[in-house]
Structure formats: structure tokens, C-alpha cells
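Me: I am new to this structure and would like to learn how to read it. Please take the features one at a time.

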Amino acid sequence: MKIGVLTGGGDCPGLNAVIRAVTLALQQQGATVWGIERGFRGLLEGGGRELLRPEVSGILAEGGTILGTDNTCDPFADRSADRATQPPRDRSAEALGHARAWGLDALVAIGGDGSMAIAHRFHEAGLPLVGVPKTIDNDLAHTDRTFGFDSAVAVVAEALDRLATTARSHGRVMLCETMGRYAGWIALEGGLAGAADVILLPERPYSVDAVADFCAAREAQGLSTLICIAEGAHAAGQGLAVRAHLPGSPDPLRLGGAAERLQNALQPRLRSEVRSAVLGHTQRGGTPTAFDRVLATRFGVAAAGLVSRGEFGRMVALQGNACGSVALADVAGHNRVVPEGHELLRAAEALGLCLG
Ligand code: F6P
């Protein structure tokens, strides 16, 4: 058997751990593993190489992806000709042609929601496919965890620890902007782990008045305030803070500025100085936590198992603490956001935190 593997979408701590586990587990079963470079762009344009054991040793703890990735390429709606003037083209037949030319029996696609939707379409088009859920946002449907999330939360917690000591020293209100466009899991868990006083999520539009009153009450008690705000959080009636649009990308919005926007709204209402920090890609880079290394390894082994049993059209998933799989059709196009009344929201309320 010859099995392709690719990493699509944004990078994420643990991608290399999955590549290593998939490759070693498949090689144990006598398969050849073909690494496709730069995600679905490599499948479309024909970039790949055989993954041999030396290339996948020593990469378990390495951030990024040895295969490269791309979050702008959808072979079913390709915009690489001229984004501004040309309509998207379905070039999936060319991509399938490369899979045939390489002699691939199946493909393991490691990626987030956009990549899983593309993977599902390739599976329906006749390429036997298994998905592995990746994203620091932890927002893929039907899996309780994606690898990369724990590593991102650890970065947020450490950043909040650092911001807290400077906030206390200066008696400031400090905002920390995390990633998370539509799902606030990183801000919620990171905020709780880093003892934030205010946690603002995309799912719950906030009231500037409520946040300002909360900060002012703390100010009156001589307390600084730490605010953990997701990049997708916004005041009621306000849109997302969009920095740029990438037309034609499966992932067209680039967010940024949520913290600065709230900083500007709060400053005139408070005596203390209000400052903000944006964590950005520090949450996606670097080495995975031990939890993510183990989860990524479990996912990689489970994906190899699905391939060897011929169970295609499925995505590996963690449900409870069991590693199983779900139909790609059930994942594609669905996001898992923080539901109203979630236990962590209730915990935050029980501690007297402000949720906007
Ligand atoms: O989906 C993962 C994610 O990190 C989001 O939280 C964030 O909005 C986006 O990727 C950023 O993508 P890029 O690196 O392409 O700007």
C-alpha cells in the first residue's frame, strides 16, 4: 500500500507528532508513506516525497509541519489564476490525477474545519480518505479535543501570568487578545488557567458598560484587572474586528484588533491606564505540550488503523477519553462553539468573573 499524508490549514503544535505516528504505524504494516507538500496545494500542483524513517525521527516535539501547509488552496474552487478578476475553478480532477500518478491507495488529511470539508469532497470524488482533526481553536464538531489546543491554552496562561504581575505593579487594566474567531475555547480555558478577571468570547457579545463598570468597581477596591478577549469577541451590535480579507481563500477572514477596540472604549471611562497585548501566532508556534504530543500520537496511530481496516470517509475523534472516529460527512461544515450554560462558563460566574 502507498498512503499519502498532508497537513492543511494553519499550522499547529503537534502536526509533526501526527506525521511521525501515521508514518511509523503505517510503515510497521509494510506501507509506503508519501508526504504531500503544502497541504492541498501540493496535491493540486504535484509536490510530494516519500517519507522515510530518518525524516520522521526527532520531530515529535518540533512545532510547525515538516510538510509545509497552506490555508488558501481549495482545489474544488481554485482562485490561484487571478483572485480579483477570475471566478474560482474546480481543479479537483488535476489533484486526483496527481494522487493516481503517485499510485496512492489512500490519503490521510490532517487539518481543521476547512480542510475536513475539502477532504470530504475528495472522498466523495473517489479518493479513499481519513481525516485527523487539528486546530488550536478546538472547534471541530464531534471531537472533544483537537491537538494544538492544549499548547495554545498553555501559552495564554503563561502570558496572563506575566501580564498580571505588570498589571498589579502599575494598577492597570490589561487586555490580552487570544485567537479564536467564532469559538472562544482558547480564551475561556486560557482565561481560567491564567486567572483572568474578565473573559470575553465570540459566542457572547459583550456590553462595554458592563465591562467598564466591573473594572471601575475593582479600581475602587485598589485592584488591577486582567481581561482575556478572543479575537472574535465583539460588543453587542458590533461586527468582528477584521484586519484583512483574502478573497477566494477557504479561510478568507484575518481578524485582529478586538482588544484594541475595547481598550479604546474603556480608557475614557476609567482612571487607570488601559493597555493591550495581542498573542497572535505565539499561540500556534513552538513545541506541543506533553498532552498534545500524546493526543497527536494517538490520533496518528488511530488514523493508520482506519486506513489498514479500509474504514474511509472518517475522521479520528476523541470522545470522552476514547479515541474513535466519526463520519467526515458529519464534521464538514459544522463548528463546535462554546454553548450557553457550559460548565466552564458557570464556573467563571461562580467565581464572580465578568463574562461581558
Ligand atoms: O483556525 C486557527 C487560527 O489560528 C484562528 O484562531 C485564527 O483566526 C487563524 O487561524 C489565523 O490564521 P492565519 O495564520 O492565516 O492568519
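Reply: Start with the ligand: by class, its shell has two nonpolar, three polar and five charged residues. For these classes, Ala, Val, Leu, Ile, Met, Phe, Trp, Tyr, Cys and Pro count as nonpolar, Asp, Glu, Lys and Arg as charged, and the others, Gly among them, as polar. Before going on, note that this is a predicted model, in which local features need pLDDT of at least 70 and side-chain atom pairs count only at pLDDT 80 or more, while totals for chains, interfaces and linings use all residues. Residues are numbered from 1 along each chain as its sequence is written, and side-chain values use heavy atoms, with hydrogens and water left out.

Me: Which residues surround the ligand?

Reply: A residue is near a molecule if one of its heavy atoms lies within 4 Å of it. Here the ligand is surrounded by N71, I136, D137, M179, G180, R181, E231, R254, H281 and R284.

Me: How much of the accessible area of the ligand does the protein cover?

Reply: Accessible areas come from the Shrake-Rupley method with a 1.4 Å probe, and for residues only the protein chains shown count as cover. On its own the ligand has 400 Å² of accessible area, of which the protein covers 85%.

Me: Now the strands. Is β8 enclosed or open, and why?

Reply: Helices (H or I, at least four residues) and strands (E, at least two) are DSSP runs, numbered from the N terminus. Buried means under 20% relative accessible area, exposed over 50%, and partly exposed in between (1.4 Å probe, protein chains only). Strand β8 covers residues 225–230, and six of the six are buried, so β8 is largely enclosed by the rest of the structure. Both of its faces are covered, with T225, I227 and I229 buried on one side and L226, C228 and A230 buried on the other.

Me: Which strands pair with β8?

Reply: Two strands pair if DSSP finds at least two bridges between them. Strand β6 (residues 173–178) pairs with β8 in the parallel sense over six bridges, and M174 has L226 as its bridge partner. Strand β7 (residues 198–200) is also parallel to β8, over three bridges, with V198 opposite I227.

Me: What should I look for in β4?

Reply: Read burial there too: six of the six residues of β4 (residues 106–111) are buried, so β4 is largely enclosed by the rest of the structure. On one side are A106, V108 and I110, on the other L107, A109 and G111, all buried. Five bridges join β4 to strand β1 (residues 2–7) in parallel, with G4 opposite L107. Five bridges also join β4 to strand β5 (residues 129–133), again in parallel, and V108 is partnered by V130. A right-handed β-α-β unit is made by β4, helix α5 (residues 113–124) and β5.

Me: What is there to read in the phi angles of N138 and H142?

Reply: Most residues other than glycine have a negative phi. N138, which is not a glycine, has a positive phi of about 55 degrees, and H142, also not a glycine, has one of about 65 degrees. N138 sits in the loop between β5 and α6 (149–170), and H142 is found in the loop between β5 and α6 as well. N138 counts as buried at 1% relative accessibility, whereas H142 is partly exposed at 40%.

Terms used:
Right-handed = clockwise from strand over helix to strand, strands pointing away.
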